[in-house]
Amino acid sequence: MPKTDFGPPDYREMIPPIVRENYGKWRYHRIPRPGVLEHVSETGDVLSSVRVASPRLVSTDFVREICEIADKYCGGHLRFTTRHNIEFLVSDREKLQPLLDELEGRGYLIGGVGRAISNVVHTQGWIHCKSAVTDASGLVKSIMDELHDYYTGKKPVPAKLRIAVACCVNMCGACHCSDIAVVGIHRRVPRVNDDVVSKSCEIPSTIASCPTGAIRPNPKLKSITIAPEKCMYCGNCAAVCPAIDVMDPDTDGVSIWVGGKLSNARTTPKFSRLAIPYLPNHPPRWPEVTEAVKNLVEVWRQRAKPGERMGEWIERIGWERFFQITGIPFTEKHIDDFTHATTTFRSSMQFRI
Amino acid sequence: MDDRETPLLDELEEGDWPSFVAELKRAAEKSAMSADLLRQIERSYADNTGHWKRGGIVGVRGYGGGVVGRYSAMPEEFPGVKEFHTLRVNEPAGFYYTTEKLRELCDVWDKYGSGLLNLHGSTGDIILLGTTTENLQPCFDALGEIGFDLGGSGSAMRTLSCCVGQSRCEHACIDTMDVTHDLTMNFQMEIHRPAFPYKFKIKVSGCPNDCAAASARSDLAIIGVWRDAIEIDQQGVAEYVDEGFDLFNRVIRRCPTWALDWDAEEKRLKLTSEDCVHCMHCINEMPKALRVGQERGAAVLIGGKAPVVKGAMIGWVLVPFMRLEPPYQELKDLIVQVTEFWAEHGKNRERLAELIDRLGMPAFLEGIGVEPCPQMVDAPRSNPYLFWREEEVKHA
């Protein structure tokens with residue numbers, strides 16, 4: 001029998017000595033420069049964490065390179081953040097500046113800490129996913145080539161800003177609570193290959209997969225039909241039944257959502273809300289998308305109060321002003337007509353005219 | 001390989017942000033598989049669509065998941081990615097590594113796969129991208145020899161992940177990394193052998209800042225919290241004020257429940273602790289002077305998920321406070337109760353939140369044996385359509 005169910009490496013064997021010795025004893029932290037966290041323990045120990053950007057999709061050579069750096073300055077330890085940044089953990093203060101110099105010399109971007117744009121959480125895209133409407137890695141690269149000064153702290157922002165990219169509404173990165181979310185969407189009713197349905201799909205589970213009840217059996221063809229007026233192109237049926245195809249390179253595209261957050265600080269967690277229903281899918285640089293994201297960041301950056309997240313700023317100034325200031329047209333697509341729609345309609349006289 | 005083969009992707013080597021195309025090319029230098037991947041992606045950039053087939057179940061002996069089967073839809077043109085399966089490898093809690101361990105991982109992956117990987121996937125796994133059906137078992141065996149096991153996929157408990165917790169954060173109310181590791185070891189069967197209606201995600205954050213995004217991304221989120229008063233170092237507060245920190249505008253007026261006030265004469269920050277909702281704002285702003293309280297534990301939120309099928313959810317409070325010390329038995333029992341109820345009543349591809357939405361929260365609470373409490377709701381019901389059980393209704 002092969003060895004199974006032995007679990008991941010034990011974190012206790014992965015953490016550096018300074019972390020082991022100060023585990024649970026950290027007293028406070030400060031940010032001495034962009035991209036560096038300095039944690040002070042009640043034992044008096046000081047740990048500097050240097051955060052650098054990673055493309056997330058990396059080669060083994062890249063991993064060996066960061067290992068070499070960690071061997072030189074960090075006693076052979078490093079970690080990653082939940083947003084795919086690399087963190088070099090420096091316990092020897094003498095080594096901090098030389099590490100920063102080497103990283104900068106090698107072209108790494110140091111940043112993503114505190115009031116900054118951190119790395120972008122994103123999905124697989126065309127690299128590896130069967131249902132990708134667009135390519136997440138390319139979108140992230142294009143967007144962050146424009147916005148990296150907000151990562152490195154070269155340009156300040158009022159608060160942290162979390163961007164996420166998902167190549168379809170499955171939103172594998174669960175980007176529905178990001179300050180800015182970029183999500184690939186379909187806009188046409190899926191095509192059904194009737195000849196294949198009877199051979200490769202289970203009709204009851206295909207019908208049950210539709211959240212709006214748009215799918216009916218088509219007994220004559222031993223297939224199904226999709227009611228176009230009910231379908232909102234989620235693609236769930238296509239995930240269940242390979243005879244259904246929702247991909248359409250000509251009309252698929254990208255939507256942009258704003259104002260989500262998950263921290264409970266000040267205000268409660270929020271969903272991201274629709275800002276732009278559709279932009280064309282234009283690789284390799286997605287100029288319409290990068291321009292739209294840049295506009296959102298700039299408008300927020302110039303107007304928000306210190307410490308105010310995107311969603312908090314929008315709630316303070318009101319969505320009506322948000323659309324006016326950003327120049328984004330408000331359309332019928334912005335008014336919800338799905339499961340929890342009525343909870344989003346305004347029932348007060350507190351609005352700006 | 002010849003650079004001119006990929007003119008579209010080449011554009012993404014320009015610019016200051018680290019380039020995934022540069023990484024693809026580095027891998028392509030050594031691996032024919034990665035070279036064909038690069039060509040297929042270039043084709044996707046030209047055609048505006050992906051070129052992967054749907055479906056395809058592959059695996060390793062003894063496991064029902066942990067491997068995602070992937071086949072090129074254009075195998076004649078890109079034979080190197082005819083089979084391009086992914087291994088989801090369970091990360092060590094907190095994403096800490098020794099360079100020795102990472103190098104061992106790279107050696108295995110260069111031998112058996114494309115040499116490309118994600119550090120990390122959205123759920124938390126190390127994603128080893130691209131190997132053949134033939135290489136899956138030997139690759140898994142080699143990973144086992146260096147101490148890496150697979151994570152979850154399909155309708156299973158998925159790989160857990162957590163924030164950095166007490167290993168490097170003064171806010172952590174619980175030992176997130178230990179909770180994550182302990183639960184991972186406890187639920188190996190559920191992670192490796194899909195037997196649920198759909199995926200089930202668990203994530204652990206050390207405080208209400210929720211840096212692991214647990215409440216949005218997990219069916220069951222464990223989030224650290226305290227229930228006594230915030231610890232105030234008055235001298236520390238005075239130092240902030242003396243250094244010109246705008247205490248009123250940055251902290252006091254931004255407290256969501258007006259729980260803070262400043263006594264200018266005595267130079268004391270006053271806290272009305274029963275008004276505090278543990279939002280973390282004041283602590284985030286003044287980490288040198290304010291700390292989370294001493295009576296620490298965790299809240300459990302359920303139902304967080306992405307949109308498909310019936311809409312996105314942010315998790316709902318199920319347990320407002322639970323002590324969390326090894327062996328975490330109360331938490332483990334709760335997870336079993338929740339997943340068993342869901343496995344029994346959930347339909348195929350119905351996430352926990354959707355089941356609760358369909359059956360009603362009261363029925364769910366009764367089913368798992370959890371008493372209702374006011375922390376579970378933003379506000380009580382505003383409609384009069386109450387359900388009564390026969391035994392509750394007595395004639396006057």
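Which residue is the bridge partner of A:S59 in β4(B)? The answer is B:L116. Let me build out from there.

A word on the model first. This is a predicted model, where local features need pLDDT of at least 70, side-chain atom pairs count only at pLDDT 80 or more, and totals for chains, interfaces and linings use all residues. Residues are numbered from 1 along each chain as its sequence is written, while chains are lettered from A and ligands numbered from 1 in the order in which they are written.

Back to the strands. β4(A) and β4(B) run antiparallel and are joined by 3 bridges. Pairing here needs at least two bridges found by DSSP. Helices (H or I, at least four residues) and strands (E, at least two) are DSSP runs, numbered from the N terminus.

That pair belongs to an open sheet of 5 strands, ordered β4(A)-β4(B)-β5(B)-β2(B)-β1(B), with antiparallel pairing. Its edges are β4 (57-59) of chain A and β1 (67-68) of chain B, and each pairs on one side only. Further in, β2 (residues 85-89) of chain B meets β5 (residues 126-131) of chain B through 5 bridges, again antiparallel. There, B:H85 has B:T131 as its bridge partner in β5(B).

What lies across this sheet? Helix α2 (residues 20-30) of chain B lies across β4 of chain A and β4 (116-119) of chain B, at about 35° to β4(A). Axes are lines fitted to C-alpha atoms, for helices over the stretch in contact, and angles run from 0 to 180 degrees between N-to-C directions.

Now the whole interface. 99 residues of chain B are in contact with 91 residues of chain A. Contact means C-beta atoms, placed from the backbone, within 7 Å. On the chain B side, helix α4 (residues 99-112) gives the largest share, 8 residues. That side divides into 43 nonpolar, 31 polar and 25 charged residues. The classes: Ala, Val, Leu, Ile, Met, Phe, Trp, Tyr, Cys and Pro are nonpolar, Asp, Glu, Lys and Arg charged, and the others, Gly among them, polar.

Next, chain A. Its domains are domain 1 (11-105), domain 2 (121-187 + 249-344) and domain 3 (191-245), with bounds from an automatic or database domain assignment. The centres of domain 1 and domain 2 of chain A, taken over C-alpha atoms, are 30 Å apart. Each of these two domains puts 7 residues into their contact.

Chain A also has its own open sheet of 5 strands, in the order β7-β8-β9-β14-β15, with mixed pairing. β7 (121-122) and β15 (273-280) each have a single partner strand, so one side of each is left without a neighbour in the sheet. Strands β8 (residues 163-166) and β9 (residues 180-185) of chain A are parallel, over 4 bridges. Helix α4 (residues 136-151) of chain A lies across β7, β8 and β9, at about 150° to β8(A).

One hairpin: β11(A) and β12(A), with 4 residues between them. A:K222 in the turn has a positive phi of about 50°.

Last, a helix pair. α12 (residues 329-345) and α14 (residues 361-368) of chain B pack at about 120°, axes 9 Å apart. That makes α12(B) oblique to α14(B); angles under 35 degrees count as roughly parallel, over 145 as roughly antiparallel, 65 to 115 as roughly perpendicular and the rest as oblique. The contact uses B:Q337, B:V338 and B:F341 of α12(B) with B:F364, B:G367 and B:I368 of α14(B). By class, 4 are nonpolar, 2 polar and none charged.
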